[in-house]
Amino acid sequence: AERIKKEETQKVDQELLEKKKELERIKLEKVKQEERRRADEERMQREEQRRLELERERIEAEKEEKLRMEAEIQRKEEELRQKMIITQQLRKEKEEEEKKKLNSKESLNSSDDGVVSKPTVTTPNDAPVWIKDKDAPKCMECDKKFHRLTRRRHHCRNCGGVFCSTCCNVKVPLPQIGIHEPALVCRKCFVLVGKLTGSKEVMVRKNSVSQGPKK
């Protein structure tokens, strides 16, 4: 009976030992699980923190890009505004210049009573200022338009006006401006020069249909 009791005691002790080992194994497994859980949580926290940092960097980069684009747009708008101002100034200057040219041309081509006006020489040694061809589209005497083949321009040596061959077809000396040989003049200057110099010398240009200036 003692042997049986001893065997039963040993058996119970063995079972207790096995249960103790099992409890220790379970406890160790729980510790390992807890460590794995904590490690996973820390890893997830690090990943989340990294994701938030990347998102914050992305937002900051987008803000910087937006500010850069806004500054670029403002710069281009300012450049465009300056170009528009310069263009308007140039256009205004061009319009004013064209207006001055038009007024100058009108003052050269016509007077208040509608009669063609031209500069005249009234005193000795006055040098005539020749009107440019581009500023004289028509004869300053008969108002007929010039043509490079049928009606060409001729300058009066006395007044500098531009006339057709019909209205500027006589030659007289112009001693008051230092020209002593017969020079081409218009009809009005022919009369004016005759009054200033008292000269009656006249030379009619060849191939002219005019019979000479009217007095």
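The protein chain exposes about 17,400 Å², and carbon and sulfur atoms supply 52% of that area. Accessible areas here come from the Shrake-Rupley method with a 1.4 Å probe, and for residues only the protein chains shown count as cover.

Two sentences on provenance. This is a predicted model, in which local features need pLDDT of at least 70 and side-chain atom pairs count only at pLDDT 80 or more, while totals for chains, interfaces and linings use all residues. Residues are numbered from 1 along each chain as its sequence is written, and side-chain values use heavy atoms, with hydrogens and water left out.

Now burial. Of the 215 residues of the protein chain, 18% count as buried. Buried means under 20% relative accessible area, exposed means over 50%, and partly exposed is in between, with a 1.4 Å probe and protein chains only.

On to the fold. The protein chain has two helices and five strands, and from the N terminus on the order is α-β-β-β-β-α-β. These elements are DSSP runs, numbered from the N terminus: helices are H or I with at least four residues, strands are E with at least two. Helix α1 covers residues 2-109, and strand β1 covers 154-155.

How do the contacts divide by sequence separation? Among contacts between residues at least 6 apart in sequence, 47% join residues at least 24 apart. A contact means heavy atoms within 4.5 Å.

P128 counts as partly exposed because its relative accessibility is 23%. K132 is found in the loop too. Is K132 buried or exposed? K132 is exposed, because its relative accessible area is 52%.

Next, the salt bridges. The rule is a side-chain nitrogen of Lys or Arg within 4 Å of a carboxyl oxygen of Asp or Glu. By this rule the count comes to 15. I will show three of them.

E72 and R75 form one, at 2.4 Å from N to O. They are three residues apart in helix α1, so about one helical turn separates them. E72 is partly exposed at 28% relative accessibility, and R75 is partly exposed at 39%.

E34 and R38 form another, at 3.3 Å from N to O. Both lie in helix α1, four residues apart, about one turn of the helix. E34 has 29% relative accessibility and counts as partly exposed. This pair belongs to a network of salt bridges that links E34, R37, R38 and E41.

R43 and D40 meet at 4.0 Å, N to O. They sit three residues apart in helix α1, again about one turn. Both are partly exposed, R43 at 37% and D40 at 38%.

Which residues form a negative surface patch? They are E93, E95, E96 and E98, and E93 lies in helix α1. Patches take residues with over 30% relative accessible area and no salt bridge, joining like charges within 9 Å and nonpolar side chains (Val, Leu, Ile, Met, Phe, Trp, Tyr) within 5 Å. Asp and Glu count as negative, Lys and Arg as positive, and His and the chain ends are not counted. The place of a charge is NZ of Lys, CZ of Arg, CG of Asp or CD of Glu.
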